[in-house]
Amino acid sequence: MVNTVGKKLGHLEKLGATIGRAQGQLGTHIGRALLDHRGMAVLATVLAAGAVIIDVLICLHRPWNLHVYRMTLAISAVACLLCSARGDRVSIGLVLHPRKGFGYWGKATAVIGAGLILFLCLVCVFYRVVHMPPRFVLAPESALRILPGWCVYYPLLEELLYRLVLCAPLAALFGPWRAIVISGVVFGALHLLYGNPAPTNLVAGYILAWAYIRSESIFVPIVWHSLGNAAILVFQVVAWYMM
């Protein structure tokens, strides 16, 4: 009986030490389930890299059913990651409720949104001062046509693939900050190849990856991505009217 209790206490101590190492190394629960099994973390990273490469190839070839291919790829990659994490949704951020609660992230959204609006206003002022015709104007009917893709499809697809699938195993293997940097670089490179090298796209990957790892929920970067695209669409329409 004493030996049994001792063994259970030993197992609990080992579990506590493992969790402590995970939290100390990552500063987040993202990648926790993969951290305990390094082989699974390596496998998940290889699968994530393969999914990203396939997505880039799909974008370069632009088949007629591009959106179907990309979403199928993202959902399949999420399923593989979930299996690698042994069904632990929390450890990969596949949850709705963010860490620190919705109040904290509501305030963070307001701050980031204000910064984005300020940047867009400065861009508008620049074009007015130098008397250059802006290239980013968009007619209202065009904005309405692309609104569902910009504010629903792309945020969902790209956050699942370039944040959840890519960042979770990278955070387990290399730590959260390296995962953020790699995700930002890959996300920016995708938009360069896709023919959309806007400054916001080159910077957004880092911010969205930080939000994912910090909030421990994919819901936050999806919402931020959607709101950011909506703000840019509104700005382009306003610029169309003004310029």
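Student: Which residues does Ser84 touch, if residues up to four places away in sequence are not counted?

Tutor: In this predicted model, Ser84 touches Leu34, Met40 and Ala44 once residues up to four places away in sequence are left aside. Each counts as a contact because heavy atoms lie within 4.5 Å. Ser84 itself has its place in helix H4.

Student: Why does Ser84 count as buried?

Tutor: The relative accessibility of Ser84 is 4%, and the word buried applies to values under 20%, so Ser84 counts as buried.

Student: What makes Pro140 partly exposed?

Tutor: Pro140, which is found in helix H6, has a relative accessible area of 21%. Because buried requires a value under 20% and exposed a value over 50%, the residue falls in between and is therefore called partly exposed. Its contacts, not counting residues up to four places away in sequence, are Val237, Trp240 and Tyr241. As for Val238, the C-alpha atoms of Pro140 and Val238 are 8.9 Å apart in space, although 98 residues separate the two in sequence.

Student: Why is Ser183 called buried?

Tutor: Ser183 has a relative accessible area of 0%, and since the limit for buried is under 20%, the residue is therefore buried. Ser183 is found in helix H7, which covers residues 176-194, and it touches Tyr162, Arg163, Leu166, Cys167, Gly205 and Ala209, again not counting residues up to four places away in sequence.

Student: How do you know that the side chain of Ser183 makes a polar contact with the side chain of Arg163?

Tutor: The distance given for the two side chains is 3.1 Å, and a polar contact needs a pair of N or O atoms within 3.5 Å, one able to donate a hydrogen and the other to accept it, so the pair is counted as a polar contact.

Student: What makes the lining of the largest cavity nonpolar, polar or charged by class?

Tutor: The largest cavity is lined by Ala44, Leu47, Ala48, Ala77, Cys80, Leu81 and Val165, with helix H3 (38-61) and helix H4 (66-84) being the elements that give two or more residues to this lining. Because Ala, Val, Leu and Cys count as nonpolar, the lining has seven nonpolar, no polar and no charged residues. The volume of the largest cavity is about 30 Å³.

Student: How many residues line the largest pocket, and which lie nearest its centre?

Tutor: The largest pocket is lined by 40 residues, with Ala198, Thr200, Asn201, Asn229 and Ile232 lying nearest its centre. Helix H5 (101-130), helix H6 (140-174), H7, helix H8 (199-215) and helix H9 (219-242) each give two or more residues to the lining, and the largest share, ten residues, comes from H5. By class, the lining has 25 nonpolar, twelve polar and three charged residues, and about 1,300 Å³ of space lies in this pocket.

Key:
Residues are numbered from 1 along each chain as its sequence is written. This is a predicted model: local features need pLDDT of at least 70, side-chain atom pairs count only at pLDDT 80 or more; totals for chains, interfaces and linings use all residues. Side-chain values use heavy atoms; hydrogens and water are left out. Helices (H or I, at least four residues) and strands (E, at least two) are DSSP runs, numbered from the N terminus. Buried means under 20% relative accessible area, exposed over 50%, partly exposed in between (1.4 Å probe, protein chains only). On a 1 Å grid over the protein atoms alone, a cavity is a set of points where a 1.4 Å probe fits but cannot get out, and a pocket is an open set with protein on both sides within 12 Å along at least five of seven lines; lining residues have an atom within 4 Å of a point. Grid points are joined across faces, edges and corners, and a volume is the space filled by probe spheres set on the points.
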